[in-house]
Amino acid sequence: MILPGSTLGILGGGQLGRMFTTAARTLGYSVIVLDPDPHGPAAHFADRHIVADFSDQHALEEFGKECAAVSTEFENVPADSLRFLAQFCTVRPSAEAVAISQNRIAEKQFFTDHGFPCARYAVIQSRDDIAAAMRQVGTAAGLPCIIKRSQLGYDGKGQARVNNIDEALRAFDDMGGAPCVLEELVPLTLEISVILARGADAQIAVFPIAENQHCNGILDVTLAPARIPDNLAEQARRIATQIAERLNYCGVLAVEFFVVADSAGGERLLVNEIAPRPHNSGHYTLDACVTDQFEQQVRALCGLPLGDTRLLSPAVMVNLLGDVWGGDIPHWESILTCPQANLHLYGKREARPGRKMGHYTVVDASVERALALAMDIKEKL
Ligand code: ATP
Ligand code: MG
């Protein structure tokens, strides 16, 4: 066990790094952030900020030697950097698990190898693969597809919907000709996510399932608990747990699912993607669960017993994107005067459209009531 008083490291100084830092310091740890941006949200919260690139070996060595354990706030840290760091300190999750989740081709291969259900897909390494991929995945049946860069996509960036080979070629070129996956566009009825923690001792704690609504490819609203039947919830928890086990995972893991109607009139799950870290759809846990996802990340990293994931109240989380500013400071009173709402702002200097600036959470006796109140607040912002 890495006890309070020790120094922890976090790769990445964005909002997830900031919330990790807050949780770690609340438990009595010191925190060092490594991130190239000197003004990132976590920078001023940490005891120390090493301003360096994620592949700067000199900086990584210093970081690894000063920290008892290191975790990551995002999946695009080079897996080699995690491998390098592991010479000096505990690194959780492992380079191997992060390597899979940072590469959609490897991730899809992992899902299919282990029998986890996912949307039909084909790998595109070069332009020459596109026609066959389109035939294999969609257009033969007249179905639209979605082309996604294998690496470095987030918040719907690095992907495009395509209806035919010409559109696919154009999208592939626009994304720089890097390897991609082509997926069928599934007729989803709902999106959900399961966030869990798996400790070094293989103990697993699963958070209540989140129901997610996206807008322009970016998460907009999360409802917890998700409004899905028990059997589907059970299935989602089982799949997420098995993924964590197959990865021999240690840390907080998020698994995104699509809910699609099946031919028998029921519903089934497809795994969309995994994230080797706390997830935007788990921010509601900060205000609505006994233990939140960032404290859980600290506990798993340090080998402490995992916390209770129980939901204390139905909750709705709404993301605050830069768009909300629209030239003017939003009317925070509408959140601050609501006794059931909590405001979280990430301290980013510039509000740009599509940029995640903060979020708020509303709790109420039912998710429907929390949602109505949250939308009412949004109107007034
Ligand atoms: P994030 O970082 O926000 O998770 P991302 O850029 O990694 O996003 P995805 O999760 O793959 O991208 O896709 C973003 C959203 O686009 C999904 O949550 C879903 O709403 C929609 N989407 C993605 N793939 C499909 C698909 N095959 N069929 C239908 N909708 C899809
Ligand atoms: Mg996603």
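Biologist: Welcome to this predicted model! Which ring does the charged end of Lys108 sit over, and how far is the charged end from its centre?
Modeller: A charge has to be within 6 Å of the ring centre to count as sitting over a ring. In this model, the charged end of Lys108 meets that description above Tyr121. The ring is that of Tyr121, and the distance to its centre is 5.8 Å.

Biologist: Let's turn to rings that pair with each other. How many aromatic pairs are there?
Modeller: Ring centres within 6.5 Å make a pair. Phe110, Phe111 and Phe116 form one aromatic cluster. The count of aromatic pairs comes to five.

Biologist: Is the pair formed by Phe84 and Phe88 stacked or edge-to-face?
Modeller: The two ring centres are 5.4 Å apart, and the planes make an angle of 75°. Planes over 60 degrees apart fall in one class, so the pair of Phe84 and Phe88 is edge-to-face.

Biologist: How are helix 6 and helix 7 oriented to each other?
Modeller: The axes of helix 6 (residues 130–137) and helix 7 (residues 165–174) come within 10 Å and cross at roughly 125°. Ile130, Ala131 and Met134 of helix 6 make the contact with Ile165, Ala168, Leu169 and Phe172 of helix 7. Helix 6 passes helix 7 in a right-handed crossing. Because that angle lies between the perpendicular and antiparallel ranges, the two helices are oblique.

Key: Residues numbered from 1 in each chain as written. Chains lettered and ligands numbered in written order. Predicted model: local features only at pLDDT ≥ 70, side-chain atom pairs only at ≥ 80, totals over all residues. Heavy atoms only, no water. Phe/Tyr/Trp six-rings, centres within 6.5 Å; stacked < 30°, edge-to-face > 60°. Lys NZ or Arg CZ within 6 Å of the ring centre and 35° of its normal. Axes fitted to C-alpha atoms, helices over the stretch in contact; angles between N-to-C directions. Helix = DSSP H or I, 4+ residues; strand = E, 2+ residues; numbered from the N terminus. Parallel < 35°, antiparallel > 145°, perpendicular 65-115°, else oblique. Left-handed = near helix turned anticlockwise from the far one by under 90°. Contact = heavy atoms within 4.5 Å.
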